[in-house]
Amino acid sequence: MDFYLGLIQIIGVHTLLGLSAYCVLLTGQVSLAQAGFFAIGAYVAGMLTVLLHWPLVLALIVSAILGGAMACAVGFPALRVKGLMLVVATAAFGEAVRLFFFNFTYQVQSGAILLGPHGGEGFRQIRYFPEHGWGTLDVVLFIWTIVVLVMAMLWWMDRSRVGAVLRAVGEDELAAQSTGINITAVKVSAMTIGGIIAGIGGGIFAHYTTHIEHIQFGIVLATFAIAYPILGGLSNVFGTLLAVIFIQGLLIEGLRFLGDWRNLLFGGLIVLAMNIRPRGLLDAGVLMTLKRLVSRNGERKGA
Amino acid sequence: MDLLDLIDTIQSIADGVLFGTTYALLGIGFTLIFGVMHKINLSFAAASIGAAYASLLILSAVKAPAVVVFLMAAAAGGVLGGLVYLVGFKFIPLANPLATLMSTVGLLLLIDEIIVHTTAGVPLNYPALFSDVIVPIGPFNLRGDLMFVFVLGCVCMTVLLLLLYRTKLGLATRAVSQQPTASQLCGIGIMRVNILTFVITGVVGGIAGAMTGAAIGMLSPLLSLPLTVKGLIVTVIGGLGSIPGAIVAGLVVGGLENFFQFLRGVSERDLYIMLLLFAFLVFRPGGIFTVAAGRD
C-alpha cells in the first residue's frame, strides 16, 4: 500500500513540474529551466524548515516567490531569443543552478550532526514530515490539495482572457503583437507563473524525499518537465496529468517486471507516441470525441 | 602570477583548444541540421557517442589496425544519422516542432540505454593514436593524441566546407536552408537533401564521437548529455547556421573550459562556460560573426 501511496506522491510532484512547463509552452516557448526553479524551490524550502524551523506552508510560499522572481529575472534576457536559442539559454540556466548547488555548502551544527546542504554530497536530513508526525496518507493529501489547487487555477486561467492571450502568443506572435498584446510581458508572466509552480513543486519534493542532491536536478529532469505537457497535449491541464501517469505510473513503475528492458522501451515508446500522436495524447480531436460521448450519454439519460 | 603559472595556464589553454575541435564538429552538426530542417536534433551527440561505440563493436569482431576505428565510427555515424531522420523526423508533420523535439529526446534516451544495455554500463577503453608521442615546443608539451584529434578535426572541417561550398549537393543544402519552397521550385528534392544532411552530419558526429573517445581514452554513455549541452552552447555562441562561427566557438569553448578548470577546478568550470553563454545571449544573440543585433 505504501508503495502506491509513494507513487501517488511522485505523480503529484511531477504533475506540478509538468504544469510549470505547461504555462511556458502555452506561449510557444520551450524552457529547459524548470528543473532549475525546481532546484531553487527544493533547496530554499528545505533550508527554511531544517535550519530556521519554519512551518512548511510558509517555507513553500517563500520558495514559490523565489522561484517566480528567479523565473522573472531569467525571463527578460532569455526571452529576447527564440526557438533553439531559448532552449539552449534555459538549459544553460538550469545547469548553472545545478552547478551552483554542486558547489554550495552551508552547514550548521545541530546536536551531534551537521545540518544543511553540503556541496556534492547533497542536503540530507530534511525530516519535517516525520518530526511533525505526518503519516504517508497525510503527505499524499497535502500534496494533492496543492496539485488540485494549482490545476484549478490553471484551468480557470485557461478559460479566461489570460489563457486566450497566452495561446494567441503561442500560435502566432506577429498576429498577437499586431492586436496590441505586449508579447514580452506575456512571455515573462508565463515564465513567472511557471517558476512559482516549479518552486512549490521543488519545495514539496525536498520534503518527501528527505535527501536532495544536485544531480537530481539535471538536464534529465528538465526534459521530463517539458515531456509531460508535450506528450499529454497542450489543449488542457489534464493532458499533463495524463502524461505524468503514463510516464511515471505506466512506463517507469508499470514496466518494472521487464527488468533491464524497461529503460530501452522507455525512450522507444516516447518516440512512438510522438510519431503516432504528434499533438499529444490528449489533443483537440480526442477532446471533441470525449465531449460528444459525454453529451450523447447525457441526452440518453435526459430522454 | 609568476612565469611558471603563466606557462601552465597557456599549456592548459592549448590542450583545451586542441580538444575544442570535437566541440566544433558537434556544433557544426547541430547548426547544419538546424539550418536545413529548422528543428533541433537533441539526439545528435548521443548518436555520435553511439557511433563511436559501434566502431568499437565492429573492431572487436574484425581484426584491424586502430586507424580503421575512425573510419568505422564515421560510417556508423552516417547510418545512425539516417536512422534518426527516419524514426524521429520523417513521419512527424512539419507544423509540430514540439513533437520532433520530444521524439529526439526519446531517441537520446533510447540510444543511451542501448549503449548501457550492450556494455552493462561499464566504460570501454578507446584506442588512442600517438598517445606516446609528446612534442616539446619551448617550455610547452603538445600531447600526440590531442594533436592527432586536432588535425583530424581540421581535415574533417575542411572537407565539410568544400562539400558545402564547392559541390552541387552543398549548393542544394544551402538553398534549402535559405528558402525551402523556392529551392523546391528549382527542382531540388527537399526530402533527399534532408536525408543527406542527416547522413553527413551523422558522419561528422561519428568522427567527433571517436575523437572524444580517443582524447579521453575511454567511452561512457555518461558523455552524451554533457556533449549535447556543449554542442548546443557552441552552436549558439557561434551563431545559428554559421559554420565558421561554430568552428571558432568550439575552439574558444574548449580553450576557456580548460582555462577555468585550471583556475577554479573541475566542479566549477562549466559554471563559467554558462556565464559566457549568457553574456553572448544578452550582448550578441546573433553569435560571434554577426553585427550586434537590435532589440525586437
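How many residues apart in helix H4 of chain A are A:Arg98 and A:Glu95? They are 3 residues apart, which means that about one helical turn separates them. The side chains of A:Arg98 and A:Glu95 form a salt bridge, N to O at 3.2 Å; the term stands for a side-chain nitrogen of Lys or Arg within 4 Å of a carboxyl oxygen of Asp or Glu. Over all chains this rule counts 8 salt bridges.

The model is predicted: local features need pLDDT of at least 70 and side-chain atom pairs count only at pLDDT 80 or more, while totals for chains, interfaces and linings use all residues. Residues are numbered from 1 along each chain as its sequence is written, chains are lettered from A in the order in which they are written, and side-chain values use heavy atoms, without hydrogens and water.

Next comes the interface. In contact (heavy atoms within 4.5 Å) are 39 residues of chain B and 38 residues of chain A. The buried area is about 3,700 Å², with 78% from carbon and sulfur atoms; buried area is the accessible area (1.4 Å probe) that two parts lose on being put together, summed over both. B:Leu98, B:Met102 and B:His117 supply 16% of what chain B buries against chain A, more than any other three residues.

Between chain B and chain A there are 0 salt bridges. On the side of chain B that touches chain A, the elements giving two or more residues are helices H4 (97–119), H9 (224–238) and H11 (269–283) of chain B; helices here are DSSP runs (H or I) of at least four residues, numbered from the N terminus. H4(B) gives the most, 13 residues. By class, this side of chain B has 28 nonpolar, 6 polar and 5 charged residues; Ala, Val, Leu, Ile, Met, Phe, Trp, Tyr, Cys and Pro count as nonpolar, Asp, Glu, Lys and Arg as charged, and the others as polar.

H4(A), residues 83–102, meets H11(B). Among the residues in this contact are A:Phe93, A:Glu95, B:Asp270 and B:Phe278. The contact comprises 12 nonpolar, no polar and 2 charged residues.

Key. Axes are lines fitted to C-alpha atoms, for helices over the stretch in contact, and angles run from 0 to 180 degrees between N-to-C directions.
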